[in-house]
Amino acid sequence: MPGVNNWSPIQPEMVWTKVASALRHELGEGPYNSYVAPSALRQNPLGDPVLVTPTLYARDWFARNALRRANELWAQHDPDHRSLELKSRAEFDDQSKATAATPVSRVDSAEGAPVAPVVSFQDAAARVAGLQERLTFDTFVPGRGNEFAYTMSRQVATWADGHFNPVFFHGPYGYGKTHLLNAIAWEAKARRQDAKVVYLTAEKFTSTFVKSLQDRSTAAFKDELRGADLLLIDDVHFIGGKTSSQEELFHTLTALLENNKRVVFTADRPPSHLNEIEARLRSHLSSGLVCALDVADQSLRMGIIERKLDQLAKRLGVAQKPQHDVLQFLADRVPGSIRELEGAVNTLAASAGARLGSLTLDEAMALLQPNLKVSAERRVTVDEIQKLTADHFALKQADLLSERRTRSVARPRQVAMWLCKQHTTRSYPDIGRRFGGRDHTTVLHAVKKVEELLQSDEQIAKDVEALTRKLRG
């Protein structure tokens with residue numbers, strides 16, 4: 001096509017590998033895995049590079065924190081000195097409806113190297129029974145709380161060498177375990193269409209095994225599972241107390257591990273806490289990699305909301321998105337799991353319809369109140385914050401009010417002061433008086449310090465997130 005810049009086969013991959021590597025070093029592992037690794041490098045109809053992020057939230061974060069630097073790095077390595085355009089997946093898909101645009105490379109979050117384009121899920125020669133088409137890596141939103149599980153899932157799905165086996169994901173209901181298992185199966189099958197990928201829930205495993213005993217077809221059942229190149233079993237805690245199913249799973253797992261086949265499990269708690277499962281099976285489940293999916297922090301919840309709204313925009317034709325304070329309310333105040341958060345977005349979009357973009361915060365709360373029982377914001381006290389913070393850091397409340405300045409006490413005290421400023425109406429002088437008669441400048445310094453640490457210290461960010469969630473019930 002006249003006027004189109006045709007990339008050479010190697011150039012974009014080489015340029016993006018260098019840019020991504022530099023960004024990984026400069027941004028750090030957390031931001032890199034959350035915002036850079038899940039993004040895809042594509043080209044627009046004119047052949048120019050476009051970085052496509054999974055969500056609008058990720059796009060906005062990248063625009064604020066990394067786009068200028070990414071363009072500087074791109075210009076250093078691209079002989080044609082193009083600029084790197086930035087779009088969310090929804091924006092890019094809309095732009096590409098008339099003209100097809102092909103993925104060029106995507107950074108693998110486990111290795112930091114470009115991954116070759118893979119066969120689409122729809123084109124896979126054989127589909128895996130029981131999978132949901134919407135649960136892929138493209139629709140999974142990584143962030144603090146699930147980024148390690150996401151990285152390990154990508155590694156399993158790419159059939160990379162040096163893998164852990166078995167891999168065991170655990171976490172509460174609704175935090176993405178089933179999504180990751182489906183995503184692994186889809187991508188693993190797309191990359192190796194000749195591979196035998198078997199996905200089933202533990203309940204399905206049990207019921208099928210029992211039926212095979214009744215039908216005297218256990219040999220076929222065993223061959224089906226033990227012939228798998230990749231076996232994925234969801235909610236393995238379900239077999240607790242089922243002696244014969246545990247026995248069969250133990251021997252199946254042993255056979256697969258001996259033949260270097262890959263096995264992935266999920267459960268609502270780690271193997272060591274599955275008390276109703278016999279010890280030798282628990283030991284096998286713990287022998288590879290045990291990986292937790294933790295509570296989603298605010299940025300991850302916001303990313304999930306953005307992704308859900310993108311999906312609803314295509315399905316329901318709702319063009320406008322809620323105002324920022326409504327989005328913030330959803331991320332901050334809707335209780336429960338990611339699944340419940342998605343349900344709240346569905347409820348709001350379906351109830352508001354075309355009015356979604358103009359809803360006030362009060363109207364949004366009214367629409368959600370009867371369906372999700374989102375309670376009115378309760379009053380949080382300084383005393384409550386002090387007790388909760390002290391308990392979280394294994395201290396006494398008196399320690400936070402004392403003159404002790406050791407780091408183990410001073411940092412929790414600063415966190416508590418920050419929480420007081422965020423969740424109460426108390427002034428700086430009043431907060432200071434309630435922390436052993438301290439001056440307001442001490443509180444001001446603490447608030448600023450915690451704000452800085454939230455951007456640079458992952459552990460403090462996790463602590464603050466956990467305490468905030470507890471304060472909100």
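**Close-up views around F169**

**View 1. The surroundings of F169.** Leaving out neighbours within four places in sequence, F169 is in contact (heavy atoms within 4.5 Å) with A149, M152, S153, K177, L181, I184, V264, F265, T266, A267, C291 and L293. This is a predicted model, in which local features need pLDDT of at least 70, side-chain atom pairs count only at pLDDT 80 or more, and totals for chains, interfaces and linings use all residues. Residues are numbered from 1 along each chain as its sequence is written, and side-chain values use heavy atoms, with hydrogens and water left out.

**View 2. Strand 6 and its two partners.** Which residues point one way from strand 6, and which the other way? V167 and F169 point one way, F168 and H170 the other, and all are buried; buried means under 20% relative accessible area, exposed over 50%, and partly exposed in between (1.4 Å probe, protein chains only). Strands are DSSP runs of E with at least two residues, helices are runs of H or I with at least four, and both are numbered from the N terminus. Two strands pair if DSSP finds at least two bridges between them. Strand 6 pairs with strand 9 (residues 262-267) in the parallel sense over 4 bridges, and T266 is the bridge partner of F169 there. Strand 6 also pairs with strand 10 in the parallel sense, over 4 bridges, where F169 stands opposite C291.

**View 3. The largest nonpolar core.** A nonpolar core is a set of buried Ala, Val, Leu, Ile, Met, Phe, Trp, Tyr and Cys residues joined through side-chain atoms within 4.5 Å. The largest one has 27 residues, and F137, F169, L180, I184, L230, L232 and V264 touch the most other members. At least two residues of this core come from each of helix 6 (147-157), strand 6 (167-170), helix 7 (177-191), strand 7 (197-201), strand 8 (230-234) and strand 10 (289-292). Helix 7 gives the largest share, 7 residues. A second, separate core of 25 residues includes I304, I305, L327 and L356.

View 4. Taking a disulfide as a pair of cysteine sulfur atoms within 2.5 Å, the count comes to 0.

**View 5. Stepping back to the protein.** The secondary structure comes to 21 helices and 10 strands. Of the 473 residues, 50% count as buried. Among contacts with a separation of 6 or more, 75% join residues 24 or more positions apart.
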